[in-house]
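Please look at the contact between the two chains shown here, and work through the questions that follow.

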Amino acid sequence: MSLDVAGFWAFAIVLTGSALAVVLGKNLFHSVLFLALALTGTAGIFLLLEAEFIAGVQILLYTGGVVTVVVFAIVVTERLVGEKLSHTSRNLFGGAVAATAFAFGVITWLSRTPLPAGSAAMHGDVTRAIGTAVLTRYVLPFELVGVLLLVALLAASYFARPEE
Amino acid sequence: MGLQAYLILAAVVFSIGLFGVITRRNTVGILLGIELMLNAVNINLVAFSRFNADVSGMVLTVFAICITVAEVSIGLALVILLFRTRRTALADHIDWLKG
């Protein structure tokens, strides 16, 4: 078994295991920590796919940013109410049927669709290629994402403003 | 590993996220499920990008991550607002528009 295959299985097991812990756990705070583990596992998958820049962005923005924000939100809301948030589930059977049916459908479709077997080699520096693409071909979406982030920042601070 | 292995992994993670969105009653729990689904889509994008030696998928992934961060910040601000006004975080209790 080559290092590539072993790494894939290791990251895949970490990713699916912690994802299951996110949706099945009883404690909301533990769910968030397992989400951080799942996002880190995804960063490992990105490393296997030779996308080092995306892996870095994933760790910085998702594991560092999103998880911190969610933890803050849980702490703030629990302090507001003064009791632990209930973190129960319902429709377990229906959810399991729907999710299994979806996974089964997609995997069946994937096994029937011809996919390229080998991998075309990425030549050159991938990070440099991403930077060039962002500032040439995708410059308009890039600017729009900047505007979107500004709007989100303003809207989030407006929603969460202190009560008058 | 071939492209198919990554796509199957992404499909499994997406289904787990879908299960979370369907079954969780807490709005923060639903948000966590949505995070997992978006993450699975990012795996797909990067895998296709890598196996086609085309950098566009990775650029799209960077945009998707930025948009997800915006979505999470707005979603959590709404959750905090809901807590202030309704003292609840359960999605079932958000029924202001019900006649």
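Q: With which residue does A:Glu50 form a salt bridge?
A: This is a predicted model, in which local features need pLDDT of at least 70, side-chain atom pairs count only at pLDDT 80 or more, and totals for chains, interfaces and linings use all residues. Residues are numbered from 1 along each chain as its sequence is written, chains are lettered from A in the order in which they are written, and side-chain values use heavy atoms, without hydrogens and water. Across the interface of chain B and chain A the rule (a side-chain nitrogen of Lys or Arg within 4 Å of a carboxyl oxygen of Asp or Glu) finds one salt bridge. With its closest N and O atoms 3.1 Å apart, the partner of A:Glu50 is B:Arg50.

Q: What area is buried between chain B and chain A?
A: Contact, meaning heavy atoms within 4.5 Å, involves 67 residues of chain B and 86 residues of chain A. Carbon and sulfur atoms give 77% of the buried area, which is the accessible area (1.4 Å probe) that two parts lose on being put together, summed over both. The value for chain B and chain A is about 6900 Å².

Q: How are helix 2 of chain A and helix 2 of chain B oriented to each other?
A: The axes of helix 2 (residues 28-48) of chain A and helix 2 (residues 27-51) of chain B come within 11 Å and cross at roughly 5 degrees. Since angles under 35 degrees count as roughly parallel, helix 2 of chain A and helix 2 of chain B are roughly parallel.

Definitions and conventions. Axes are lines fitted to C-alpha atoms, for helices over the stretch in contact, and angles run from 0 to 180 degrees between N-to-C directions. Helices (H or I, at least four residues) and strands (E, at least two) are DSSP runs, numbered from the N terminus. Angles under 35 degrees count as roughly parallel, over 145 as roughly antiparallel, 65 to 115 as roughly perpendicular and the rest as oblique.
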